[in-house]
Amino acid sequence: MKILAIDSSGMVASVALVSDDIVIAEYNVNFKKTHSQTLLPMVDEIVRMLELDTQEIDAIAVAAGPGSFTGLRIGSATVKGLAQALSKPVVAVPTVDALAYNLYGTDCLVCPIMDARRNQTYTGIYSFSRTEDGYKMNVLTNQCAVDIREIIELLNGKGKEVVFLGDGVPVFREQIDELLQVPHTYAPAFMNRQRAAALATLAFEYIREGKTSTAAEFTPIYLRLSQAEREQLEKERATE
Amino acid sequence: MEQDVVILAIESSCDETAASVVRNGREVLSNVISSQIDIHTLYGGVVPEIASRKHTERIDQVVMEALKEAKMTWDDITAIAVTYGPGLVGALLVGVSYAKALAWALHKPLIGVHHIEGHISANYIENTELEPPFMCLVVSGGHSHLVKVADYGKYEILGRTRDDAAGEAFDKVARVIGLGYPGGPKIDKVSYEGNPSAIDFPRPKFADNEYDFSFSGLKSAVLNYLNQLQMKGEDYNQADVAASFQQAVVDVLVGHSMKALDQYGFKKFAIAGGVASNSHLRTAMEEACAKRGVEFFRPSPIFCTDNAAMIGVAAYYEYIAGLRSDWDLNAVPNLKLGER
């Protein structure tokens with residue numbers, strides 16, 4: 001079974017083609033160009049390089065959010081268009097879950113942090129536990145949008161060593177080093193950002209569990225309302 | 001017989017998610033428009049982030065409906081076209097990303113289309129005899145352009161607004177006189193009950209370019225008028241204000257257009273864009289053109305509002321001219337007419 005996976009939720013644009021337990025191709029770009037200019041040319045490059053008949057693709061996996069609103073839009077619309085044209089199912093994987101999966105098998109807690117501006121982060125807490133034939137990822141705290149201090153507090157309460165990763169690391173490293181009371185490290189370059197190969201691998205589990213959707217059914221997870229909606233809610237609350 | 005050119009077009013530059021199938025540039029086989037107006041009305045105008053999210057939710061259904069209504073399958077489609085500017089960047093990106101993915105996966109050519117070029121081309125749909133050259137006035141919520149259409153895809157802008165677009169002024173004035181959003185159709189309607197010469201609002205002109213427009217001064221004049229009455233403790237007549245404001249807009253639009261027609265000697269004149277469905281503007285333009293022996297063209301209201309049929313028409317002429325877009329096509333929120 002072949003999965004084409006696409007992640008444009010953050011600064012990185014990542015595309016991978018994974019066939020069961022083999023990564024056939026992966027293309028990662030961490031560059032200032034917009035995903036609108038990079039993403040489809042990357043998909044095109046992979047397919048041409050592999051001389052792939054696109055009908056051989058069984059499903060299209062996408063980092064479903066949270067993330068940059070613009071990044072999610074470009075990724076979702078691209079995946080919808082591909083899935084619609086190729087008549088393939090969409091596998092929507094939560095962005096933070098896919099990021100955590102980069103650290104498959106670690107004994108430490110995994111805490112991906114993405115910069116969500118205004119001292120906020122898209123984050124979650126994960127662990128891996130041994131099964132008969134490998135490791136299973138456990139979601140201890142569901143992906144959420146919170147103040148960085150809130151997630152540090154949660155981690156302090158767990159009392160276990162933590163590995164951090166994600167584009168929030170350069171933004172929040174000082175605060176983490178200052179406020180976190182448990183041992184912690186930061187994941188190295190090759191695994192510390194969105195990797196579509198990890199996303200695709202996790203997507204195989206989703207497919208086994210029957211968790212797929214059609215192009216039309218899929219919508220990204222923003223975890224946050226638009227500014228106008230937030231202000232409207234605040235106004236309503238104030239008048240209540 | 002030559003093979004048909006069938007274009008699937010997508011438009012998402014503002015708050016309308018639209019898709020259409022157009023055959024040979026003039027025959028609209030389907031024209032699906034999903035409007036978000038109900039949501040944006042709650043906020044008194046278009047909220048870009050909400051618009052972008054709604055496009056993402058609606059785009060699949062709208063495109064598939066357009067294909068189905070046209071009784072077409074992917075195999076029947078020659079090329080995929082999409083609006084890539086100008087407009088709201090987040091909104092544009094949804095259509096652009098989706099269209100690119102479709103075209104790539106289906107091995108079809110991709111054609112990026114300028115939104116205003118689409119509005120102008122809307123005139124070709126019902127007026128099969130219309131061909132360039134002609135003069136066109138494009139007036140909508142985001143644009144006010146007086147354009148010389150020299151040939152298919154060849155444009156020269158004679159005048160543009162220096163501040164608010166005409167449609168924007170309609171929305172703002174409608175809001176202050178309590179008519180609400182969207183202002184255009186509401187002012188058009190209530191004006192029938194008002195006196196268009198009750199209040200003498202300004203009709204601004206510019207010395208350095210007599211074809212440029214300005215509508216923010218007019219909007220301020222309406223505000224000042226209302227404030228003055230309020231200070232005197234007097235009430236205003238809503239219909240009179242609406243009719244007088246609208247008359248000022250119509251006078252400026254007709255005045256500039258006719259001056260350009262006289263100067264450049266065009267025999268054909270067209271209007272386009274959302275404001276082109278204003279009934280008072282249509283009547284005034286028609287009469288002014290008739291007086292000069294100029295043939296007058298206008299699209300039906302359904303092709304004046306943002307729609308994808310007009311994008312499919314514009315794309316057809318680009319297609320036969322051999323123009324194609326690449327997979328790195330980006331949304332360009334301030335794209336200039338005639339630029340690629």
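I began with chain B, where strand 4 (residues 79-85) and strand 5 pair in the parallel sense over five bridges. Strands here are DSSP runs of E of at least two residues, helices are runs of H or I of at least four, and both are numbered from the N terminus. Two strands count as paired if DSSP finds at least two bridges between them. Across this pair I found Ala81(B) opposite Ile111(B) of strand 5 of chain B.

Before going on, I noted that the model is predicted, that local features need pLDDT of at least 70 and side-chain atom pairs pLDDT 80 or more, and that totals for chains, interfaces and linings use all residues. Residues are numbered from 1 along each chain as its sequence is written, while chains are lettered from A and ligands numbered from 1 in the order in which they are written.

**Sheet of chain B.** I read the strand order as 3-2-1-4-5, an open sheet of five strands with mixed pairing. Strand 3 (27-35) and strand 5 (110-114) of chain B each have a single partner strand, so one side of each lacks a neighbour in the sheet. Neighbouring strands are turned by 20 degrees against each other on average, direction ignored. Helix 2 (residues 48-69) of chain B packs on the sheet and touches strand 1 (6-11), strand 2 (16-23) and strand 3, at about 25 degrees to strand 2 of chain B. Helix 3 (residues 89-106) of chain B lies across strand 1, strand 4 and strand 5, at about 160 degrees to strand 4 of chain B. Axes are lines fitted to C-alpha atoms, for helices over the stretch in contact, and angles run from 0 to 180 degrees between N-to-C directions. Contact means C-beta atoms, placed from the backbone, within 7 Å.

**Chain B against chain A.** I looked up the contact next: 28 residues come from chain B and 28 residues from chain A. Helix 3 of chain B gives the most to its side, with 13 residues. The side of chain B divides into 17 nonpolar, six polar and five charged residues. Nonpolar covers Ala, Val, Leu, Ile, Met, Phe, Trp, Tyr, Cys and Pro; charged covers Asp, Glu, Lys and Arg; the others, Gly among them, are polar.

**Ala166(B).** I placed Ala166(B) in helix 6 (residues 166-176) of chain B. Ala166(B) is buried, with 29 other C-beta atoms within 10 Å. The cut-offs, with C-beta atoms placed from the backbone, are 20 or more others within 10 Å for buried, 12 or fewer for exposed, and partly exposed in between. Its contacts, not counting residues up to four places away in sequence, are Val139(B), Ser144(B), Phe215(B), Val249(B), Leu253(B) and Val275(B).

**Chain A.** I found four bridges joining strand 4 (residues 59-63) to strand 5 of chain A, which run parallel. Ile60(A) stands opposite Val90(A) there. Strand 5 (residues 90-93) of chain A is covered on both faces, with Val90(A) and Ala92(A) buried on one side and Val91(A) and Val93(A) buried on the other. In helix 2 of chain A, 15 of 18 residues are buried. I also looked up the domains, whose bounds come from an automatic or database assignment: domain 1 of chain A is 2-95 + 194-225 and domain 2 is 96-191. Their contact takes 17 residues from domain 1 and 13 residues from domain 2 of chain A.

Technical notes
Two residues are in contact if their C-beta atoms, placed from the backbone, lie within 7 Å.
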